[in-house]
Amino acid sequence: MAAALGAGSGSAGPPGLPNSVPGHTALPAVAVWEWQDEFGRWRPYRGGVCSFIEQALQAPAQKGRRSGAGLASSSIPLGQADATLAPYVIDIPSLMQFRQDTGTMRSVRRHLFAQDSAAGQGIVWEWQNDEGGWSPYEMNVCVFLEQAFTHGLRHVDLSSLGYSYDIDFVSLVQTNKSSRFRRGIQRRMDTPYPVTTATGPLHTGVACSCQQCLLNSGTGPITTRYRHSMINLPSSSAVPQVSSRTAALSSSGLGFVPYNKPTLSGARSAPRLNTQSAWAPPQPGGAGGPSPGLSASNGVSVPNLPVEMPKPSKVNQALAVSPSEHEQVVRKYLEELRGAPADEDCIICMEKLASPSGYSDACECKTIKPEAVGQLTKCQHAFHLLCVLAMYANGNKDGSLQCPSCKTIYGEKTGTQPKGKMEVSTFTQSLPGHQDCGTIQIVYSISRGIQGPEHPNPGMPYTARGFPRYCYLPDNEKGRKVLDLLRVAWKRRLIFTVGTSSTTGESNTVVWNEIHHKTEMDTNLSGHGYPDPNYLDNVLAELAAQGVTEACLRQ
C-alpha cells in the first residue's frame, strides 16, 4: 500500500513539501511520523525518532541554502536515533520503511497535529499487549483520548474512530464491544514531538478535513463520496463527541463509517504506490517552478535504497490459481439478490450496493457481474459478490467465510499457525482464585522456519521467540472445556500466526493470534496471570469469535 503523504499542502517543514497555501497563515504544529503494520493500522514512532527524521530532512536543505544545492535526504537510518531500530531505514522518495536484514517494506506517513494536542505535549496513550508490554494507540486516537481525559469524561466509545472499543478512564480498561475482552490502558509522558509550522487546518482524526487528509485517499475522506468519510473530530479545545451511525451529516459534509475498510490489495479505490518522489525538494531560493527531484541530472548524485516495485495484486494472483473453486465457496454461502438495496453500502468496498463493486478492476470473473449483490444465508448481510470473492481470495482460501459485518463464520475457519506441538499436563497446585482445584499446564512449542504461501512474506524465514510457552488453566469443569476448545483451535492453526510483534516491533515472527492465554500463575500485575474472574468467559468468547464452540466438540 502506498504511504500517505501526511504533510499535505498546508505545511512548511521539511524540504519537498509545498510551503504555502494562499490565504492561510502559518501556525505552530508538531510532526508525527507513523509506520503501517500488517493489519493496516498506523503506529507512531517515538518523539525522539520523529525529531531525528525531521532534522535529517531539514539539514541538507539548510546546508543547501548556503551552498546553493538544496537537496533533501534520500534515506534516513533510524538506528542513529534508536539502537533498537538499527535494521530500519526510511526511503523518502517512496515513503517506505525498509528493513535491511529481511527486505520487509512498510508504508510510513507524516501528519501534523496542534501544538497543544497530546502529541505536542508528549502524552502517549497505550494498551497492554499479549506479551505484557505496552503498545501505543495511533496518534489520532491518543489525541482523542487525551481530549476526553482532560475534559473529565469517565468513559468514551472509539466507534467514531473506526474501533469497536469502550474506554473506561476510571479503571483504565479497554473493552472489546464484540468479545467483551478487557485490556489495561495507561497514559504516559514521553518526549514531545518536533515542532514545525503548518498552513491550513491541522490533522484532528482518522479522516478529518485538514489538507493532509483531503489530498490523500489512503487515509482521508474520498472527497467525491463524503458519505463514507469519518466524522470531523473535534479540535484540541473541544469536548469529544461520539456520533451515532444514523446521525445526520455535519456541516462539513463528512459522515460516519462504522467499519474499517479492509486493505485488500488491488481494490479500485486503494491508493497506489507513487513511483514519483513525493518529497522532491523545491528549487533553490524558494518554492515554485519545477522540482529537480533526486536524480543525478542536477549534478548531485544521491544513492537511493533499492525499492522493489509492487508485485502483481495478491487478489489477481489468488484468482489466477483457481477462480472456479473460489466462486464455488462464495456461492455456497451467499444467495444472489435480484434487486440491490438502494440505500445500503457494501462495507467491503464502501460503494453503494446499487453501484458496481469497488473491486471490479481487481477481480475479473466471467460468471459474476460487477453489480451482482449477494446475501449471506445465516446473518442476511449483503455485499457485492465480487467484493466477497476478493476478500476470500486475499485470505487463507480454506473454504470458509466470515461476515465482515457481524463476524458470523460460514464453514470451518482455519489460520496460518506454523507447525509445532501442544502438550498438556496437570498438577495439584492451585491457581489464585481457583483454590478448589488443581492446575492444567499447556506447553506450546514452535521452531523457526520458512514462511508458506499463506504467510505475509512467502519463502522468507520467520523467527519463533520465547518458545516453549507455558500457559495455565484451572483444572475444573470450565477450565477443561476451555482446554478442549483450545485443542480444536490448535488443530485449526488459530492460536498463533506469523506477523509483527507488538512488543518488540520485530516482523516475520510467531505471535499470538487473538486468543488470550494466561502465561503466569501467581501474579496478575501484567494482566497475564491469576486471579482473573473473567478470564475463562473472555477466552470462551474469543474462541467462539473464531468459530470454535461447543458444537465443535460434538463433531
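## Basis of the description

Helices (H or I, at least four residues) and strands (E, at least two) are DSSP runs, numbered from the N terminus. The structure is a predicted model, in which local features need pLDDT of at least 70 and side-chain atom pairs count only at pLDDT 80 or more, whereas totals for chains, interfaces and linings use all residues. Residues are numbered from 1 along each chain as its sequence is written, and side-chain values use heavy atoms, with hydrogens and water left out.

## Helix H3

Helix H3 covers residues 139-150, and its 12 residues should span 16 Å at 1.5 Å a residue, which agrees with the 16 Å between its end C-alpha atoms; the expected span is 1.5 Å times one less than the number of residues. After H3 comes Gly 152, which has a positive phi, near 80°.

H3 is mostly covered, since 10 of its 12 residues are buried, where buried means under 20% relative accessible area, exposed over 50%, and partly exposed in between (1.4 Å probe, protein chains only). Among the buried residues of H3 are Met 139, Val 141, Cys 142, Phe 144 and Leu 145, and they also include Asn 140, Glu 146 and Gln 147.

Three strands form an open sheet in the order S20-S21-S24, with antiparallel pairing; two strands pair if DSSP finds at least two bridges between them. Strand S20 (420-427) and strand S24 (469-474) are the edge strands, each pairing on one side only, and from one strand to the next the twist averages 20°. S20 and strand S21 (residues 439-446) run antiparallel and are joined by eight bridges, and Gly 420 has Ile 446 as its bridge partner in S21.

Helix H8 (residues 477-491) lies across S20, S21 and S24, and runs at about 15° to S21. Axes here are lines fitted to C-alpha atoms, for helices over the stretch in contact (heavy atoms within 4.5 Å), and angles run from 0 to 180 degrees between N-to-C directions.

## Cysteines

The structure holds zero disulfides, a disulfide being a pair of cysteine sulfur atoms within 2.5 Å. Cys 387 is in no disulfide, and the nearest cysteine sulfur, that of Cys 349, is 3.6 Å away. Cys 387 is buried, with a relative accessible area of 0%, and Cys 50 counts as buried because its relative accessibility is 0%.

## Lys 369

Lys 369 has its place in the loop between strand S15 (334-336) and strand S16 (373-376), and with a relative accessible area of 57% Lys 369 is exposed. Lys 369 and His 384 lie 15 residues apart in sequence and, from C-alpha to C-alpha, 9.3 Å apart in space.
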